[in-house]
Amino acid sequence: MCLGIPGQIVEITDEARMMALADVSGVKREVSIAPVLTGAIEALIGKWALIHVGFAMALIDEEEAAATLQALHDLGEAQEALEAMAEGQKALRQDGSASEVQA
Amino acid sequence: MKYAEEFRDPKAAKALLARISTLADEIGATKEKPVYIMEICGGHTHAIFRYGLDKLTPEGVEFIHGPGCPVCVLPMARVDECVEIAEKPEVIFTTFGDAMRVPGQKKSLLQAKSEGADIRMVYSPLDALELARRNPDREVVFFGLGFETTTPSTALSIQQAARENLTNFSVFCNHITVPPPIKALLDDPHIRLDGFVGPGHVSMVIGTHPYDFIADEYGKPIVVAGFEPLDLLQSVLMVLEQLRDGRAEVENQYARVVPEHGNPVSLAAIEDVYELRPSFEWRGLGEIDHSGLRIRDTYRAFDAEDKFGIGYAAGVRSVQEPEGCACGAVMTGQLKPTGCPQFGKGCTPEMPLGALMVSSEGACAAYYQYGGARAAEAAE
C-alpha cells in the first residue's frame, strides 16, 4: 500500500491549503502539493508527481511517470488506486450533501 | 524464461539475469547453501511474484519476504479497537480499503459495516477531513495505518485540521516505522539474512540514512529499489556484487525518486505531529521497541485514542492468533506460505484467516494468486 501513482498537476485550486487538481490516468482528483512545494506554486503546473493517498510526494519526469504507470498496471495497482479514488468520492456523497459534490 | 517476455525490455532482463547467475556461482550460492535476500516492502513482494522473479533468478538466490505490508503486521487487537470506535453511533469511521477485510477477533470492519456501523472507505485522509467539515455534528475518525510513506499524509491532515479548528476530526494512529523490525529480525539468532532490497517509497520520505545501521552495525548490504522488474533485478545484482566484494553499504538504485535525505516537508510534519511509542505490537513479530508512532500532546485534540479511551493509551491488549494460523512463522521467513496447514484450505483471499492472505502485498496472497500459473509451469 506504499505505492504511489503518477499524476500530472494541472491547476492550483487552493493556494492557502496547498491544494491542486491532478490528472491521474484521465481522472481528475484534488491533491495536496505541500510535500513538493519548494518554490513558486504556479511552477508546479504541468509537472508530474508521484501521488500517494492524495499527496504529491515526489516530482518525477514524464518518462519515469510512464514507466511507473506501466509497472502499476501490470500489478493491478493502478486500477486499485483509481477505484480507491472513486470510493473516496462515494464516501463524501453518502452524507446527504450530495448537491455540493462535483461529479 | 517465458515470464521474461513480459518485461518492457526483455533483453535487459536477460542480461541482468545472466549476470546474477554468474555472480551467484562466483560467491558459491547453491540450492543447498543459498544467499538469503529479504525484500522488505510488500510492493516488492507483489512484483517479485507477478513477474516470477524468484523463479527466474538462480536457485542459489532465495527471497525472504519481509514485514513491509502494513495490514499484514496489524495485530487483531487493533482491528477490534477500530470496530469498537466505528460502532459508536456518533462516529463516521474512515479507512483505506486495504484494512476492511483484515479479520478481528469477532469481526472485520467490513462485517461491522454490513451490521450497520458507519464505516467509509476513503482514498485519502483528506477525504476524512472533508467529511468532518461537512458533518459538524458527527465525529469523523480516520484509521492512520501504514509506514513512513503514509505517515506524512495523516500528519499534514492533522496540521490542517488544527489550522481550521476542526473539533470533530481525529486520527486513530497505528503508524509504524520500517527500521526497527529489520533490527529485530537481524537480532534474531534463528533468522539468517545476507542482504536486503530496501523499500522505494518509504525511502522517498525518509531517505537512505536510516538504514546505515544495517551496513555499519550488522555488516549487511542493502540496496533501495524501484518497483519495476528491472529495478528489482538490478538491485539483487547490486546486493550480490557487495557480497562478492565483501562490502556492506547502503546503495540507492532508485535515486531518480529517492533523495538521500528524503522529503523535508514530510519529515518535518511527522516530527511536529508524532512521537515514538516506547514499543508497539506487530503481528507475527511481537512487541518491538520504538517501532510505532503516537500523536504528540500538542495535537491531543486530534487523537482518537485520547478521545475515545481506546488503543495503546488504554493499555496493551494482546489477542491470540486464530488456531492453526502460521502468519508469524511465514512473516519471519521460517515457513513458506504453502507450508501452513491452513493455506488454500481454511485461509483464502476470499475468506482470510490470517493477515498475510488479505492484501496482494502479503506473501500468502501472492503465492495463492500466482501459484496456479506456477503449477502449470512446473507440469510443462
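The model is a predicted one, and the points below concern chain A and chain B, whose contact takes 40 residues from chain A and 46 residues from chain B. Over all chains the structure holds 31 salt bridges, and 3 salt bridges are found across the interface of chain A and chain B.

**The interface of chain A and chain B**

- The size of an interface is often given as the accessible area lost when the parts come together.
- Between chain A and chain B the buried area is about 3900 Å², and carbon and sulfur atoms give 60% of that area.
- Side chains of opposite charge can pair when their charged atoms come close.
- One salt bridge joins B:D127 with A:R29, and the closest N and O atoms of this pair are 2.9 Å apart.

**Helix 2 of chain A against helix 6 of chain B**

- Two packed helices are described by the angle between their axes and the distance between the axes.
- On the side of chain A the contact is made by A:G88, A:A91 and A:L92, while helix 6 of chain B contributes B:D127, B:E130, B:L131 and B:R134.
- By class, the residues of this contact between helix 2 of chain A and helix 6 of chain B divide into 3 nonpolar, 1 polar and 3 charged.

**Helix 1 and helix 11 within chain B**

- Helix 1 of chain B (residues 10-26) and helix 11 of chain B (residues 229-245) have axes that come within 10 Å and cross at roughly 25°.
- These two helices of chain B, helix 1 and helix 11, are therefore roughly parallel to each other, and their crossing is left-handed.
- Among the residues that meet here are B:L16, B:L17, B:I20 and B:L23 in helix 1 of chain B, and B:L233, B:V236, B:L237 and B:L240 in helix 11 of chain B.
- The contact of helix 1 of chain B with helix 11 of chain B is made up of 11 nonpolar, 1 polar and 4 charged residues.

**Helix 7 and helix 12 within chain B**

- The axes of helix 7 of chain B (residues 151-163) and helix 12 of chain B (residues 264-273) come within 8 Å and cross at roughly 65°, and the crossing of helix 7 with helix 12 in chain B is left-handed.
- Helix 7 of chain B brings B:T151, B:P152, B:A155, B:L156, B:I158 and B:Q159 to the contact, and helix 12 of chain B brings B:S266, B:A269, B:I270, B:D272 and B:V273.
- Sorted by class, the contact of helix 7 of chain B with helix 12 of chain B has 7 nonpolar, 3 polar and 1 charged residues.

**A residue in strand 2 of chain A**

- A:L21 lies in strand 2 of chain A, which covers residues 19-24.
- Leaving aside neighbours within four places in sequence, A:L21 is in contact with residues including A:I9, A:V10, A:K28 and A:R29.
- The C-alpha atoms of A:L21 and A:I45, which are 24 residues apart along the chain, are separated by 9.3 Å.

Definitions and conventions. Residues are numbered from 1 along each chain as its sequence is written. Chains are lettered from A and ligands numbered from 1 in the order in which they are written. This is a predicted model: local features need pLDDT of at least 70, side-chain atom pairs count only at pLDDT 80 or more; totals for chains, interfaces and linings use all residues. Side-chain values use heavy atoms; hydrogens and water are left out. Axes are lines fitted to C-alpha atoms, for helices over the stretch in contact, and angles run from 0 to 180 degrees between N-to-C directions. Helices (H or I, at least four residues) and strands (E, at least two) are DSSP runs, numbered from the N terminus. Angles under 35 degrees count as roughly parallel, over 145 as roughly antiparallel, 65 to 115 as roughly perpendicular and the rest as oblique. A crossing is left-handed if the near helix is turned anticlockwise from the far one by less than a right angle, and right-handed if clockwise. Contact means heavy atoms within 4.5 Å. Ala, Val, Leu, Ile, Met, Phe, Trp, Tyr, Cys and Pro count as nonpolar, Asp, Glu, Lys and Arg as charged, and the others, Gly among them, as polar. Buried area is the accessible area (1.4 Å probe) that two parts lose on being put together, summed over both. A salt bridge is a side-chain nitrogen of Lys or Arg within 4 Å of a carboxyl oxygen of Asp or Glu.
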